[in-house]
Amino acid sequence: MIGGAALTAALTPLSGAALAQDGEIVHDAEYYVLEAQNGEVWAAEDEALQARLAELEERFGTPPNLIHIMWDDTAYGDLGIPAIQAVRGLDTPNINKLAEDGMMFTRMYTEVGCTPSRAAAATGRMAIRSGMYNIGMLQESHGLHADEVTMAEVLGAAGYNTAFYGKWHLGDIEQSYPHNQGFDEALFTGYNQILSLNTREAEQGNGSIGLFEDMLAENPYKLDDTFVTKDWVMVAEGTKGGETLQWRDNTHDSYQMIDDEGLDRMFAFMERSVEAGEPFYVANWPIMTSFLPTEPKCAVARAILQDGLQCVVDPMIANIRAKLEELGIAENTLIVAMADNGPMSHNPPPGTGFAETIFRGGKGDFLEGGVRVPAFAVWPGMIEPGSLPGDMIHITDLFTTFASLGGALENVPTDRVIDGLDQTSLLLNGDGHSRRDYTFTYAGPMLGAIVKGNYKRHFISPDPVGDASGIPAAFYFLPSDPREVQPMLTNLIHLKRPFNRMRLRHDLWKDRYPDRPETHGIPWTGIANASEQLQREQNPQLVLGDLPFDPLEYIEHLDELPFDPAGDPSIGQ
């Protein structure tokens, strides 16, 4: 990072009208380079779009309803392309119909994992900025900071009813609960699908080993009864300003009920909003599947991923669309449905069906396969059916786009970088109308790669010798090398300076708007019906008595783990 005079000098090309003014949304430095060249055209487009949206609001009496559906770990091509589905052994006619009736994105980018992608969607900020780049596991003691401003808060302040159902995965500390982050109501999990293995059934089948110690043969050498977690919250529920409760228990049966319960609550929430004549925003992020394969096989692939997509997500989307028709609001409702990142191709549980398709890499990689996902948008009468834009869009863009559609841009904070760009023109005008031609992809806290148009540079390089000398073979031309297996040096070395310039602008802008450090705390506080064992987890001194140190002091140092600044993250094989 560079500051002071060097910062001012480096940003001089961006000064003047192109820079964010007081009271305006602040974007990444790269955006202003684009705005300076395209701003007049964009302003004219926006004027026409606002007129069109005003007509729709006059017809229905409210701004559009907004639904965001997001599931896990799916490779681009696994959905929406029947030929690839035939090879992969699944059939999702209702998801594919989203492409027929609306838009299928070809370049929807996310973050490299579920927690960072969900944080990006919720805040419009890359996870590195909110300190949410770490994927949360059981009793993580980590979560979204109270000062982050979520899509629910932005839309709620504009009169929207807001609700969340499903896999939140944005922390297990009290300030991170979705109903403490702006949602009027929520039914949520703090973690991912590994919860299905945090069950007694999974312990019996060695899906988990040693979590339920009472199921093991007695260990005569055991000395520490506090090492293994004794209790947690699988699913919680709450309302804004109300109490937080654990929903049901930590059994596999409870886990299997999450998505159906969430859909029932979502429909009741929609009905109440329509009856009141009020717009709504719903994030329904289904848990989708269990890693404990107890359900009947559904897809030809006989695998957990394909079964979840075909027999959970696909009918869910059909049911939501049917409900919108029943309520008479389909034409005033935008649905965006997408995966949160690429397939879990590194160390997946057996029988899951995760695999690369067109792009190389998967979850955790900054390769295209890790961050380029299937994504769809449908809005009858507003989005042209069968749209197939080649434009780039990023998961953070949903935040600003939804705020724009909801008339809530004035509620977006202006004291921090908002990576999301308003992509209303892409949705309504179609191919060639994106406001973005770049992405920055982080591997944990480190910048892994930058994409600019059709070009990509790896900053964690497969050529360490060249990287050390300043001339790495780390440049890729994506149309001819979508799997990023042919790094170029001489052919693309002319891009070295442009990519360096992009990175330095990005870093210098972060000096002005620093990243938030990770936020930590004691897990699952504020649960009104907390078990006695959970309370003991939160206060080790109830078990251990007085110690010559604070047994919870380690929580303040969790940001020192697990990333080694000298480490070399994999870029996938």
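**A walk through the predicted model**

The protein chain has a mean pLDDT of 93, and 94% of its residues reach 70 or more; pLDDT is the predictor's confidence in each residue, from 0 to 100. Over residues 1-19 the pLDDT is below 50, and this stretch has 25 contacts in the model beyond near neighbours in sequence, a contact being heavy atoms within 4.5 Å. Residues 565-573 also have pLDDT under 50, with 20 contacts beyond four places in sequence. Because this is a predicted model, local features need pLDDT of at least 70 and side-chain atom pairs count only at pLDDT 80 or more, while totals for chains, interfaces and linings use all residues. Residues are numbered from 1 along each chain as its sequence is written, and side-chain values use heavy atoms, with hydrogens and water left out.

Let's begin with strand β5, residues 185-189. Strands here are DSSP runs of E, at least two residues, numbered from the N terminus. Is β5 buried or exposed? Five of its five residues are buried, so β5 is largely enclosed by the rest of the structure; buried means under 20% relative accessible area, using a 1.4 Å probe and protein chains only. Glu185, Leu187 and Thr189 lie on one side of β5, Ala186 and Phe188 on the other, and both faces are covered.

Now look at the partners of β5. Two strands pair if DSSP finds at least two bridges between them. Strand β4 (residues 161-167) runs parallel to β5, joined by five bridges, and Ala163 has Glu185 as its bridge partner. Strand β6 (residues 236-239) runs antiparallel to β5, with four bridges; here Phe188 is partnered by Ala236.

Two bridges join β3 (residues 107-109) to β10 in an antiparallel arrangement, and Tyr109 stands opposite Arg372.

Finally, turn to the nonpolar cores, which are sets of buried Ala, Val, Leu, Ile, Met, Phe, Trp, Tyr and Cys residues joined through side-chain atoms within 4.5 Å. The largest has 134 residues, and Trp71, Tyr281, Ile320 and Leu334 have the most contacts inside it. Leaving aside residues up to four places away in sequence, Ile320 touches Ile67, Ile69, Leu263, Met266, Phe267 and Ile335.

Notes:
Buried means under 20% relative accessible area, exposed over 50%, partly exposed in between (1.4 Å probe, protein chains only).
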